[in-house]
Amino acid sequence: MARPHRGTGLAGPSVVPRADPLGGLGHHARVPPGERLRVLLVEDDEGDAFLVGELLAETNSGIDLLVATSLQEARKRVMGVDCVLLDLGLPDAQGIDGLRQVLDMASGAAVCVLTGRSDEHLGIVAVAEGAQDYLVKGQVDGVLLTRALRYAVERKRADENARRLREVELRQAESARLERGLLPQPLMSTDQVAVNTFYRPGRHAALIGGDFFDVVQTRPDRVDLIVGDVCGHGVDEAALGVELRVAWRALILAGVPDDEVLPALEQVLMSERRLQEIFATVATTRLHLDANRATVRLAGHPPPLLLSRGRVASVPAPGGLLLGVRPRRPVAYDLEFDTEDWSLLMYTDGLIEGRVGEGDERLDVDGLAGLLADPSTSGVPLPELPAWLVGRAEQLNGGPLADDVAMLLVTRGGGR
């Protein structure tokens with residue numbers, strides 16, 4: 001490939017004073033320094049490199065200029081620069097191929113082409129490849145060069161901000177889709193009990209976690225509920241939570257024996273998790289409505305809280321092992337309700353792991369029971385109780401809870 005024509009200079013006698021379209025005074029106007037920029041000039045012609053430095057210096061440009069005479073040298077100096085000013089005729093790269101290499105090595109910096117080739121088609125191709133501007137030697141002066149560099153940097157920043165915004169929007173859309181999978185509508189038709197659901201993501205960059213719940217009625221007198229939590233935050237954990245919830249619903253609808261449901265769920269977890277260290281905690285409850293009793297199973301999960309006769313107590317079901325650690329069937333606990341007015345609160349540990357005061361003390365199960373037993377709670381309508389509990393936990397924590405919170409509040413009769 002032929003070398004670009006040399007010897008034209010950067011601002012020859014053909015350049016005449018002109019009005020600044022942004023209100024400047026023309027060819028001799030000085031650009032306000034503003035933020036200092038670091039610009040790497042990749043130019044093997046010492047005369048042209050000297051002229052670039054002189055043009056930037058005489059306009060008080062606020063630009064620190066570094067010079068590399070080849071792409072190999074540019075690779076060593078590109079770190080931390082705001083813009084690369086590239087000649088398309090270098091000893092080790094020519095034309096668009098050299099531009100592509102610079103775009104690869106300086107992904108965070110703006111790139112402007114400064115060449116002796118006045119070729120409109122080449123300029124269009126260069127911009128299409130990712131250059132912010134295409135400048136021709138002999139057609140720029142110090143003010144125009146400075147302005148072009150600063151505009152290029154701002155365009156690059158705007159492009160980067162737009163890209164980040166798009167990534168955030170895509171993550172939010174992805175989280176919304178996963179949330180719909182984690183938090184379904186209860187599949188029930190009975191009016192003997194009411195179920196209120198609640199979910200709030202933690203403060204982990206608005207990423208959804210692996211908390212999930214579900215409610216399924218399989219017979220007129222039987223309702224199954226689950227609340228679970230996959231350790232960690234992010235798309236992988238949320239997707240695994242969706243798989244576990246869907247698997248649990250399928251097992252319940254298929255009529256799998258009670259003692260086999262959680263072991264089967266554990267098999268799904270162990271086969272689908274991306275790391276062996278991933279585990280989940282689960283609490284399940286089967287309501288026998290005609291008998292006014294429930295069967296509770298825990299796999300490393302906090303126990304449900306029972307509200308009845310004006311009192312609050314945790315269900316003393318055996319804690320069980322985490323799913324995915326060492327397979328073992330959770331022990332069933334039979335809970336007898338002694339009144340037709342009760343509520344059962346199932347929740348994930350994000351609700352009880354917040355701090356209480358300035359020390360290391362956590363809210364924990366006893367603290368949550370204390371909040372529910374507080375006289376002020378009696379005035380809170382049951383559908384609003386989960387959100388009220390989160391608000392009180394955040395007050396005690398001194399700010400938003402770090403982990404996700406999912407809750408199921410199932411109520412019969414007056415609920416208290």
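Asp214 and Arg245 form a salt bridge, with their closest N and O atoms 2.8 Å apart. The pair links distant parts of the chain, 31 residues apart: Asp214 is in strand β9 (residues 209-219) and Arg245 in helix α6 (residues 235-253). This is a predicted model: local features need pLDDT of at least 70, side-chain atom pairs count only at pLDDT 80 or more, and totals for chains, interfaces and linings use all residues. Residues are numbered from 1 along each chain as its sequence is written, and side-chain values use heavy atoms, leaving out hydrogens and water.

**Salt bridges**
- A salt bridge here is a side-chain nitrogen of Lys or Arg within 4 Å of a carboxyl oxygen of Asp or Glu. By this rule the count is 25.
- Asp214 is buried at 1% relative accessibility, and Arg245 is buried at 9%. Buried means under 20% relative accessible area, exposed over 50%, partly exposed in between (1.4 Å probe, protein chains only).
- Arg36 forms a salt bridge with Asp64, the closest N and O atoms being 2.6 Å apart. Arg36 lies in the segment before β1 (37-42) and Asp64 in strand β2 (residues 63-68), so the pair ties together parts 28 residues apart in sequence.
- A network of salt bridges links Glu43, Asp48, Asp87 and Lys137.

**Helix α1**
- Helices (H or I, at least four residues) and strands (E, at least two) are DSSP runs, numbered from the N terminus.
- Buried residues of α1 are Asp48, Ala49, Val52, Leu55 and Leu56. They cover an arc of only 125° around the axis, so they sit on the same side of α1. The arc is taken from the directions from the helix axis to the C-beta atoms.
- The face turned away from that buried side carries exposed Glu46, Phe50 and Ala57.
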